[in-house]
Amino acid sequence: MRRSIAVLAVATLLALAGCATDEPAPTASSTASAAAGSGTGEQSKFFVQADYDNELALLGATATGPSGKPWEQVLNPKMVETAKFKKPGPYKLCFSNAGLNNPWRQVGFKTMQAEVDTHRGQIKEFVHVDAEGKDQKQIADINDLLGKGCHALIVSPNTTATLTPAVEAACQKGLPVIVFDRGVDTTCPVTFINPIGGYGFGHVAAEFVSQKMKPGGKLLALRILPGVDVLETRWSAAKVAFDKAGVDVVGVEFTDGDPAKTKKIVGDYIQRYGTIDGVWMDAGAVAVAAVEAFQDAGAAVPPINGEDQLDFLKLWQDKKLTAIAPTYPTYQWRTPIIAALKILGGEPVSNPWKLPQPTITQDNLGEYIDPDMPPLHYAMCGCTDLPGYPQRWK
C-alpha cells in the first residue's frame, strides 16, 4: 500500500508525527543477534529476538481460510473462545481510529466502510471517531465511546504504550475489544489483528536490496521517523540483514514522510558519494520522490524498495527499476469488522489474528497495476468485490 505526493505530504507528516512517542525500556530479549555493522548503529530498543524469529517463520507459513480472501485468512491460528460476548444483533460497532491523515489510512478506512455496508443486516450503527494522530484525543475518544452503548470496540492505536491504559479500561468494562494495525502492551483485547508485521517487511526489503547491490556498495536507508513500533521493527530486521551481508550503510536518514525533504536528502548523498548503490525504505510513501532524485541527478536508480502504492508500481514498471514492494496490506481494514461480528456471535477467533503479507516482485508486478485507479491508491486493498468499487476509492 503505497503513498505519497505533494498535497498529502503535510497531512502524512502530521499523521506520522503523532505516532512517535513510544520508547519502551530495553529488556533482556531486546538485544540484537548480529554484531554492529558498518553504519547501522545500535539495535533498536523495539527489537525482540523471539518476535523477529516468529515473523520470519510466518513468511513461509501457509494460511488457513477462504481461498482468495486473505483478509479472512489466518497464519498459525490460535483460537480463543468468545461465548461470553455472544448477544443478539443487530449491533452497534464503534471504531477509535488513530487517524485518517495519510493515503494508506484513507484507502483502508474506505475499505472498512465498504465492509460494514456488506453487513447492514447485522450492523445497525457504525460509529467512527478520528483521533487525528493525537494520543490524548484518542484516549478521550475511547473514554467517550465507553458510554455510547457500543457492543464492540475496534481500536487502531495512535501509539502503543500511551494508548494501552485506555484499551485496558475498555476491556474492564466487559466490552469485547479488537485491536488492529498497531498493537498495545496488554493482552486484554479479544484479538489483535495485523499482517505478519514490521520484521517481515524490513527483512524482505533488505534481503532483496543487499543481494541486488554490487559487493561493497553504498546503501542509503530512508526512514520516516523514530519511535513507531512497526517502523522500528522494519529497521531492526533490515539492520540484521545488512550487518550479516556486510553492507556499507553510509546513511540512515529520517524524511518525515515529506517528498521534498526526501529528494533533498537523496540528492545530497549522491553529491557527497558520487554513487549510491542501494536504497532501503521503512515505508513506501516517498519511494517515487527517492527515484526522482536519482533521475534529477542524471544517476542510475539503484536497487530500491517501495510499497504497493500505485504511483511507485507504475514508475517501477515504466522505468524498469530493480525493485521490490513488501506490503502491509490495506485489506486488513476489513478484518476487524468480520472479527467483531464473529465475537458477538460467540464464534471462536484467532488471537493473534495474523494475516498474510504478500510481496510484489518483478514477476507479479503486472497483476497489481491498475491504470484506472489514482496514484495514491494501494493495490492490496482487497476491495474490488466491495460495494462502490471503484468510485468509492477514487
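Predicted model: local features only at pLDDT ≥ 70, side-chain atom pairs only at ≥ 80, totals over all residues.
**Stop 1: two helices**

Select residues 135-145, which form helix α4, and residues 160-172, which form helix α5. Two packed helices are described by the angle between their axes and the distance between the axes. For α4 and α5 the angle is about 0° and the axes are 10 Å apart. Angles under 35 degrees count as roughly parallel, so α4 and α5 are roughly parallel to each other.

Now show the side chains where the two helices meet. On α4, pick Asp135, Gln136, Gln138, Ile139 and Ile142. On α5, the contact is made by Thr162, Leu163, Ala166 and Ala170. Sorted by class, this contact has 5 nonpolar, 3 polar and 1 charged residues.

**Stop 2: an aromatic pair**

The structure holds 14 aromatic pairs. To see one of them, select Phe47 and Tyr199. Their ring centres are 5.9 Å apart, with 85° between the planes, and the pair is edge-to-face. Where do the two residues sit in the chain? Phe47 lies in the loop between α1 (6-17) and α2 (49-58), while Tyr199 belongs to helix α6 (residues 198-212), so the pair ties together parts that are 152 residues apart in sequence.

**Stop 3: a pocket**

Finally, select Tyr368, Ala379, Met380, Cys381 and Gly382. Of the 20 residues that line the second largest pocket, these lie nearest its centre. The pocket holds about 310 Å³ of space. How does its lining divide by class? There are 13 nonpolar, 4 polar and 3 charged residues.

Technical notes:
Residues numbered from 1 in each chain as written. Heavy atoms only, no water. 1 Å grid on protein atoms, 1.4 Å probe; cavity = no way out; pocket = protein on both sides within 12 Å on 5 of 7 lines; lining within 4 Å. Points joined across faces, edges and corners; volume = space filled by probe spheres on them. Nonpolar A, V, L, I, M, F, W, Y, C, P; charged D, E, K, R; others polar. Axes fitted to C-alpha atoms, helices over the stretch in contact; angles between N-to-C directions. Helix = DSSP H or I, 4+ residues; strand = E, 2+ residues; numbered from the N terminus. Parallel < 35°, antiparallel > 145°, perpendicular 65-115°, else oblique. Contact = heavy atoms within 4.5 Å. Phe/Tyr/Trp six-rings, centres within 6.5 Å; stacked < 30°, edge-to-face > 60°.
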